[in-house]
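This briefing gathers selected features of the model shown below, grouped by topic. Please read each point alongside the sequence and the coordinates.

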Amino acid sequence: MLQKLEEVKKEFDSLLGSVKSMPEMAQFKADFLGKKGKLNALMGGMRELSVEDKKSFGARANLVKQDMLSAIDRQSQSLEMEVINAKLAANWQDISLTDKVKEKGQQAAGLHPLTKVTRELEDIFLSMGFDILDGPHIEDEYHNFEALNIPDSHPARDMQDTFWFKDKKHLLRTHTSNIQIRGMKQKKPPFKFVGPGKVFRCETLDASHEAAFHQLEGMMVGKDISVPHMIHFLRTLLSEIFKKEINVRLRPGFFPFVEPGFELDYECLLCGGKGCSVCKQVGWVEGLGCGMVHPKVLAGGGIDPNEWNGFAFGLGIDRLTMMRYHIDDVRHLHSGNLQFSEQFKAY
Ligand code: DAH
């Protein structure tokens, strides 16, 4: 009996290597270890053994069984890996699209400079613990104006030339400040979030104005937040993005959703402050609007202004990108000209 057991084990060992797929493996396992398998058939014969032999045969048979089970496990794992590797090899795509693509005379892909800057901004904010929110391009009057303390008759509505839909109730958002309203409803204070995105204005185009451009809205609400916090924070942010200490200046600015409100300018990096077409010869660039969130806006968002306060800002991503990559006309960014975009692949 013992000899037969060793023969079965030998047979098992010699055949295992030829099992090439998982269904084959299932059959193989059944042949040796199944109810009607070879091992069980031998066990059936144990009845005829003496008590002594039963013991030694039983012990050996158990060992053989364990050996077989772990060998099957190992082999199954490597078969599974082979299947996965074969799948990967069949679906392999070279997403870096380098030499192979060039051989075929095609161009390797790259990110648009606006995308790069937006992603960098997101990384900086994420590292500072901000959440990233989104908001709709097609917005209603309430979220784009009313909730931001810009009532119907308010002259501030004329500050931003709006693309209205025919129903006169919906519009293409004129700024990312709608994300403030949507964010406040979603979050419980304290919170801090940013929301990047496209905005639209019916404007005359020139080297620094486009009808569709990009902003990043930011909002931080907590206890005892003050203007110096805001200045420090925004300056740090600009220095991070330009990778050097950046000079900023603050001017009073009017935005109905903040009080006090400011315009923050930073030194023009294109001309180093000497004056050029982008900074309109003044050496400073209008970087962003900011201020302490108006109590009415907080209250409208369900936040008690007696308990909480904070700051908000809206930053122009296009101008930031122009400064970063020394681009002197915003219209290049949206031109769809590949020769333009390809210059930034390497950066
Ligand atoms: N929404 C303003 C604009 O598009 C920019 C802005 C100013 C956003 C002040 C703010 C802010 O959050 O506090 O001109």
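This is a predicted model: local features need pLDDT of at least 70, side-chain atom pairs count only at pLDDT 80 or more; totals for chains, interfaces and linings use all residues.

**Ligand site**

- The ligand is surrounded by 16 residues, of which the closest are His-175, Ser-177, Arg-201, Gln-215 and Glu-217.
- A nitrogen atom of the ligand lies 2.9 Å from a polar side-chain atom of Ser-177, whereas an oxygen atom of the ligand lies 3.0 Å from a polar side-chain atom of Gln-180.
- The side chain of Gln-215 places an N or O atom 2.9 Å from an oxygen atom of the ligand.
- The ligand taken alone exposes 350 Å², and the protein buries 92% of that area.

**Salt bridges**

- The count of salt bridges in the model comes to 13, and the pairs described here are among them.
- Lys-9 forms a salt bridge with Asp-13, with the closest N and O atoms 3.0 Å apart; both residues lie in helix 1 (residues 2-16), where their spacing of 4 residues is about one turn of the helix.
- The two partners fall into separate accessibility classes, since Lys-9 counts as buried at 13% relative accessibility, while Asp-13 is partly exposed with a relative accessible area of 41%.
- Arg-235 and Glu-245 form a salt bridge in which the closest N and O atoms are 3.4 Å apart; Arg-235 lies in helix 10 (residues 227-242) and Glu-245 in the loop between helix 10 and strand 6 (248-252), so the pair ties together parts that are 10 residues apart in sequence.
- Within this pair, Arg-235 counts as partly exposed at 32% relative accessibility, and Glu-245 is exposed with a relative accessible area of 63%.
- A salt bridge with an N to O distance of 4.0 Å joins the side chains of Glu-263 and Arg-251, and this pair links distant parts of the chain, with Glu-263 in strand 7 and Arg-251 in strand 6, 12 residues apart.
- Arg-251 counts as partly exposed at 29% relative accessibility, and salt bridges that share partners join Arg-249, Arg-251, Glu-263 and Asp-265 into one network.

- The side chain of His-143 makes a polar contact of 2.9 Å with that of Asp-140 and a polar contact of 3.3 Å with that of Arg-182.
- Apart from its neighbours within four places in sequence, His-143 is in contact with Leu-148, Asn-178, Ile-181 and Arg-182.
- Cys-276 lies in the loop between strand 7 (258-267) and strand 8 (284-293), and with a relative accessible area of 16% Cys-276 is buried.
- When neighbours within four places in sequence are set aside, the contacts of Cys-276 are Cys-268, Leu-270, Cys-271 and Gln-281.
- Cys-276 and Asp-328 are 52 residues apart along the chain, and their C-alpha atoms are separated by 8.9 Å.

**Backbone features**

- The peptide bond from Pro-189 to Pro-190 is cis, with omega near 0°, and Pro-190 is found in the loop between helix 9 (178-186) and strand 4 (191-200).
- The peptide bond from Glu-259 to Pro-260 is also cis, with omega near -5°, and Pro-260 lies in strand 7.
- Lys-243, although not a glycine, has a positive phi of about 60°; Lys-243 lies in the loop between helix 10 and strand 6 and is exposed, with a relative accessible area of 58%.
- His-326, likewise not a glycine, has a positive phi of about 55°; His-326 lies in the loop between helix 12 (317-325) and helix 13 (338-342) and is exposed, with a relative accessible area of 52%.

Note on methods. Residues are numbered from 1 along each chain as its sequence is written. Side-chain values use heavy atoms; hydrogens and water are left out. A polar contact is a pair of N or O atoms within 3.5 Å; within protein, one must be able to donate a hydrogen and the other to accept it, and residues adjacent in sequence count only if both atoms are side-chain atoms. Contact means heavy atoms within 4.5 Å. A residue is near a molecule or strand if one of its heavy atoms lies within 4 Å of it. Accessible areas come from the Shrake-Rupley method with a 1.4 Å probe; for residues, only the protein chains shown count as cover. Helices (H or I, at least four residues) and strands (E, at least two) are DSSP runs, numbered from the N terminus. Buried means under 20% relative accessible area, exposed over 50%, partly exposed in between (1.4 Å probe, protein chains only).
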